[in-house]
Amino acid sequence: MKSNPSKYNNNLVKQDFIAKATSSTKGGFLPSKTDLTAFSVKDNAHMPERFSLMICFFHIIKSALAKTIQGEKQVVKRLAVNMPYPDTDGIKRDEKIARIISPAYASLSGELNAVMQYVYHYFNFKISDDADNADVMLGIALAEMNHLEKLGELLITLGVDPVYTAYPPYKTDFYSTRGVSYSKTAVKMLLDDIAGELAAINEYQKILDKIPKTDNGERVGAIIYRIIIDEELHVKILKDALKKIKPQISL
């Protein structure tokens, strides 16, 4: 589904994003197999499964930071369009708008779930010695983590505690990894990731349709639209990766 640039064509959103659809200069580092095995699942066996997967992810981030300090070579970039995000300046408290955007944050189909899914698929490509697709998974995971951060900041600005639930600030229906695709084959992982990105774009479009056409709504909508631009880039990247494995697949 293509986004409709005319809906949010004010100064908060630039219209030349197509020409700028290149990777961000901010990036991460691809952890080694030693980095991955350093996290002991046995040592954390007492923790619920949904939290142990989160710990695996944050271990990757910790490894990336350690490598940054040690000055190791950067090999993975965050896969996002090279265009700044609109900031939250001027956005006022509005719990109604917060409720509208909250499912994109930590629901079973939200950004937190996308981060977890890409990290899991990264693990599988990594152990399969498919470095190219492992890089893709980690690069998109870093972009989705940035989306999660942007949405969390937005919820706070709107006056809502960004707890990891389907509908912050309500502390019910906490996030669970049951929404993660646990596929292991390359084709199925890429197909599931493409489906997830298309579903996210569709959900964000619905959010844009629901946001009030007020000054506050326009400012929030600009941030949501900017996230869509990244998701559309991810669809293209994932389709290209799939065609390299299965050229006969038509999407």
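Before the details, a word on where the values come from. The model is predicted: local features need pLDDT of at least 70, side-chain atom pairs count only at pLDDT 80 or more, and totals for chains, interfaces and linings use all residues. Residues are numbered from 1 along each chain as its sequence is written, and side-chain values use heavy atoms, with hydrogens and water left out.

Let me start with the overall layout. The protein chain has eight helices and two strands. Helices here are DSSP runs of H or I with at least four residues, strands are runs of E with at least two, and numbering starts at the N terminus. Reading from that end, the order is β-α-α-β-α-α-α-α-α-α.

Now for burial. A residue is buried under 20% relative accessible area, exposed over 50%, and partly exposed in between, using a 1.4 Å probe and protein chains only. By that scale, 51% of the 251 residues in the protein chain are buried. The chain exposes about 12500 Å², and carbon and sulfur atoms supply 56% of that area. The areas come from the Shrake-Rupley method with a 1.4 Å probe, and for residues only the protein chains shown count as cover.

Next, contacts, meaning heavy atoms within 4.5 Å. Among contacts in the protein chain with a separation of 6 or more, 82% are between residues 24 or more positions apart.

What is the largest nonpolar core made of? Such a core is a set of buried Ala, Val, Leu, Ile, Met, Phe, Trp, Tyr and Cys residues joined through side-chain atoms within 4.5 Å. The largest one has 58 residues, and Ile 101, Val 220 and Ile 224 have the most contacts inside it. H3, H4, H5, H6, H7 and H8 each supply at least two of its residues. The largest share, 13 residues, comes from H8. As for Val 220, apart from neighbours within four places in sequence, its contacts are Ile 91, Ile 97, Ile 101, Leu 154, Leu 158 and Ile 211.

H8 covers residues 215-245, and its 31 residues should span 45 Å at 1.5 Å a residue; the end C-alpha atoms are 46 Å apart, which agrees. The expected span is 1.5 Å times one less than the number of residues. H8 is mostly covered, with 22 of its 31 residues buried.

H5 takes in residues 111-127. Its 17 residues should span 24 Å, and the end C-alpha atoms lie 25 Å apart, in agreement. Since 16 of the 17 residues of H5 are buried, this helix is largely enclosed by the rest of the structure.

On to the rings. Rings of Phe, Tyr and Trp (its six-membered ring) pair if their centres lie within 6.5 Å; planes under 30 degrees apart are stacked, over 60 edge-to-face, and the rest tilted. That rule gives three aromatic pairs. One of them, Tyr 105 with Tyr 164, is stacked, at 5.8 Å centre to centre with 25° between the planes. Tyr 105 lies in helix H4 and Tyr 164 in the loop between H6 and H7, so the pair ties together parts 59 residues apart in sequence. Tyr 105 is buried at 4% relative accessible area, whereas Tyr 164 is partly exposed at 39%.

Tyr 120 and Tyr 182 have ring centres 4.9 Å apart and planes at 85°, so that pair is edge-to-face. Because Tyr 120 is in helix H5 and Tyr 182 in the loop between H6 and H7, the pair ties together parts 62 residues apart in sequence. Tyr 120 is buried at 13%, and Tyr 182 is partly exposed at 35%.

Finally, some backbone details. Most residues other than glycine have a negative phi, and most peptide bonds are trans. Asp 173 is partly exposed, at 49% relative accessible area. Just after H5, Asp 129 has a positive phi of about 60°. Asp 129 is exposed, at 60% relative accessibility.
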